[in-house]
Amino acid sequence: TTLETFVFFYCVVLGIGNAIAYTSPIVIGWEWFPNRKGLVSGCVLAGFGCGGFLFNLVGTAIVNPNRLSPTEEDNSGDGAHGSTMTLFPEEVYDRFPFMLQTLALIYLCLQLIGAICVRSPSNKVAEIEHCMIDVDGDEETCSQQKIHSPPLNSSNITEEDKEDAVAIWGALKTRTFWNLWICMVLSASAGLNVVTVYKMYGNTFDTLQDDSYLALVGGIGSIANGLGRTFWGMLQDKLGSKRPFMLLTTVQGVMMLSYPFMVHSRISFGLATFIFFLCLGGNFAMAPGICAKLFGAEAGPKVFSVLFSAFAVAAIFGTALNRRFLASYGFEFVFNFMAIVSLISAISISFLGKI
């Protein structure tokens, strides 16, 4: 009934739920396959992307079953640039609450099924898995390489854990961490920019003004986001972190400059948007590895949990800045500005040393 309530539940509560649903299967998967962490992460992330693809289409079909196109309305006001805005017919907005309720019911049913299937392995299962992968069933060697998976509770906290916490706070005080944090804010701001405006931008051109087409572009982009995390993670394993990250941010910047020239064809526009989503996935995929390289394998994942705030800042403040520029200067200025931001991130990562 109020914007504040909607923002709290749709952004904060939903975000917390996504974080739990996003990480839990990965952590449990690592317990089952301790030597196949990359494969487990890739499979979970691919499923995450495919879910976005599927439910983007489902949501569009519910909220806009008649495939109504938006219309332009005068928004010049005091003569600012970007004098028109695109709005859907009122009946589309009227169906928005029904779409949220329907999707919530579908998500609830699927999550209950998934929760039943997710469980930690017993010590015995974990030991057998380790043997199968590492020693090809050599029972004598297996007995010397047992993996123990005790339940996680407060009684398992040791003095070593407490020392790790002190080390993490020390890492957060370093210039290296904040340099990395700024790099991630800049790069993610550029990537998230397209995610938030590609549909609005596409609707300003006759060749692209089709809600079903733009929903398909977004759905395929969600798949690209998931595939990008696997692709950039594999590239990071082979080449280290610095060169892939510089490649990602450079490609992202060049595509930003090229985006206004891609709108004359549905194929070129869809391909460009696909590349943006692919790069966005790489931002998320490479950050944990960079943290592990800079701060160690033990502290790295915990430092990453704090570094993840960079993506939140990029999503909130980057998007707000983007919309302010959009209202005042138009799309091309925003894309040029974000291209510069992305290229600055490419340069900044070079000061992090060998990663």
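Student: Is the crossing of helix 8 and helix 14 left-handed or right-handed?
Tutor: In this predicted model, local features need pLDDT of at least 70 and side-chain atom pairs count only at pLDDT 80 or more, while totals for chains, interfaces and linings use all residues. Residues are numbered from 1 along each chain as its sequence is written, and side-chain values use heavy atoms, with hydrogens and water left out. A crossing is left-handed if the near helix is turned anticlockwise from the far one by less than a right angle, and right-handed if clockwise. For helix 8 and helix 14, the crossing is left-handed.

Student: How are helix 8 and helix 14 oriented to each other, roughly parallel or roughly antiparallel?
Tutor: Helix 8 (residues 175–202) and helix 14 (residues 331–348) pack with their axes 8 Å apart, at an angle of about 155°. Angles under 35 degrees count as roughly parallel, over 145 as roughly antiparallel, 65 to 115 as roughly perpendicular and the rest as oblique. Helix 8 and helix 14 are therefore roughly antiparallel.

Student: Which term describes the packing of helix 8 against helix 13?
Tutor: The axes of helix 8 and helix 13 lie 8 Å apart, and the crossing of this pair is right-handed. Their packing angle is about 50°. Helix 8 is therefore described, relative to helix 13, as oblique.

Student: How many residues does the largest nonpolar core have?
Tutor: A nonpolar core is a set of buried Ala, Val, Leu, Ile, Met, Phe, Trp, Tyr and Cys residues joined through side-chain atoms within 4.5 Å. Those with the most contacts inside the largest one include Leu180, Met184 and Phe269. The number of residues in this core is 56.

Student: Is valine 92 buried or exposed?
Tutor: Valine 92 is found in helix 3 (residues 90–94), and touches Val63, Asn64 and Leu68, not counting residues up to four places away in sequence. Buried means under 20% relative accessible area, exposed over 50%, and partly exposed in between (1.4 Å probe, protein chains only). Because its relative accessibility is 8%, valine 92 counts as buried.

Technical notes. Axes are lines fitted to C-alpha atoms, for helices over the stretch in contact, and angles run from 0 to 180 degrees between N-to-C directions. Helices (H or I, at least four residues) and strands (E, at least two) are DSSP runs, numbered from the N terminus. Contact means heavy atoms within 4.5 Å.
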